[in-house]
Amino acid sequence: MSARGEARLWLWQRVTAAFLAFFVLVHLATIIYAVRGGLSAAQILGRTRGSVTWGAFYAAFVFAAAVHGGIGFRTIAIEWLRLRSRAAGALALAIALALVALGLRAVAAVAIGP
Amino acid sequence: MSDGAPACTGTATLRVAVWRGDSNGSFQVFSVPRRGSQTVLDVVTYIQRVLDPTLAYRFACRVGMCGSCAMTVNGTPRWTCRTHVDKVARGGKLEIAPLANLPVVRDLVADMREFFDKWAAARGRFEPTRTREDDFAAVKPASPARGEADAAIECIGCGVCYAACDIVTWNPRYLGPAALNRAWTLVNDVRDGGNVERLAAVAGDAGCHSCHTLMSCTELCPKELSPTRSIAGLKRATIK
């Protein structure tokens, strides 16, 4: 990949890391709130289903994680699996798309319903 | 000794294992008398002058200015002329080898060619924007760019950071801490006109974006520079 492309990937990973820091904090705070409040699974789903806010929050979380993890995996594949840039990029893209598919499926189940 | 200096000038000896031969060589053990305020370079010089004149090693200034005497001492790259035996000998033993991450010429002499070739590849050369007909450039000492350049400019090119860098070991194309540190001083030099090409040269998988911020370079730099900080600066500069 060109030097410009590498610089751009680095920037994307930094930007998504900044978003993930915020997302993870909100996610952890929500878990602690729900568990300490003694909410059941049904009660939690009752609050999240139909909520555009929670749906959008976790959908953005999924995309940020997929981009961040995909770029990180590409670097690991180049450094540790000794893959060439193109092969590592293709593998990383496949993993990122799988993360998006799995993540959005989970978000749909929580925010929309079965 | 009446002045209270450590009593290490008597019969104490150091057991010194020294690398001999090229990359397929092995360690040879010498016994060297222990002296007060003895440096690792003193030990190597004693071996070459007294015990075995065929030992090859490199030094010049002996006072920490020239950057030519760096070697691996007990597994860690160090400038040997300013490294006291007191600080690094373990149980009266020293193991001295050539710098890692570089080809071995012979004994303690590493081939520095690729180290300096990478300075050239990182566009470490000043690209002037003025001629001798122009007036001097006025660079304010307190300006932020001058401050950044100042913080990184005292490099003596000893290669300690390069030998300490795990990224160089993993990826032999990686430019390394010293070359990137040099590029950063020029990025902050307002008189320089080569930054478009320089930032393109230092980006990418062989450049600043490969740095994992392990900070071995910063920990071991004998001039106490922070190549890690310079590389972080380059990462920021490449996205502008």
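Two strands pair here if DSSP finds at least two bridges between them. Helices (H or I, at least four residues) and strands (E, at least two) are DSSP runs, numbered from the N terminus. This is a predicted model, in which local features need pLDDT of at least 70, side-chain atom pairs count only at pLDDT 80 or more, and totals for chains, interfaces and linings use all residues. Residues are numbered from 1 along each chain as its sequence is written, while chains are lettered from A and ligands numbered from 1 in the order in which they are written.

**Stop 1: the sheet in chain B**

Select residues 13–20 and 93–97 of chain B. These are strands S1 and S5, and they pair in the parallel sense over four bridges. Click on B:Val18 and you will find it opposite B:Ile96 in S5(B).

In what order do the five strands form the open sheet? Reading across, the order in chain B is S2-S1-S5-S3-S4, with mixed pairing.

Next, show residues 40–51 of chain B. This is helix H1, which packs on the sheet and touches S1, S2, S3, S4 and S5 of chain B. The direction of H1(B) makes about 95 degrees with that of S2(B). Two residues are in contact if their C-beta atoms, placed from the backbone, lie within 7 Å. For the angles, axes are lines fitted to C-alpha atoms, for helices over the stretch in contact, and values run from 0 to 180 degrees between N-to-C directions.

**Stop 2: the two domains of chain B**

Colour residues 13–110 of chain B as domain 1 and residues 113–238 as domain 2; such bounds come from an automatic or database domain assignment. The C-alpha centres of the two domains lie 28 Å apart. Each domain of chain B gives 15 residues to the contact between them. On the domain 1 side, S3 (70–73) and S4 (76–79) of chain B each supply at least two residues, and the largest share, four residues, comes from S4(B).

**Stop 3: chain A**

Chain A has four helices and zero strands, running α-α-α-α from the N terminus on. Its radius of gyration (over C-alpha atoms) is 17 Å, well over the 13 Å that the globule rule (2.2 Å times the number of residues to the power 0.38) gives for 114 residues, so chain A is more spread out than a compact globule. Along its principal axes, the C-alpha trace of chain A spans about 50 × 25 × 25 Å.

**Stop 4: where the chains meet**

Bring chain B back. Which helix of chain A gives the largest share of the side that touches chain B? Nine residues of chain A are in contact with eleven residues of chain B. H1 (3–36) and H3 (52–79) of chain A each supply at least two residues of the chain A side, and H1(A) gives the largest share, six residues.
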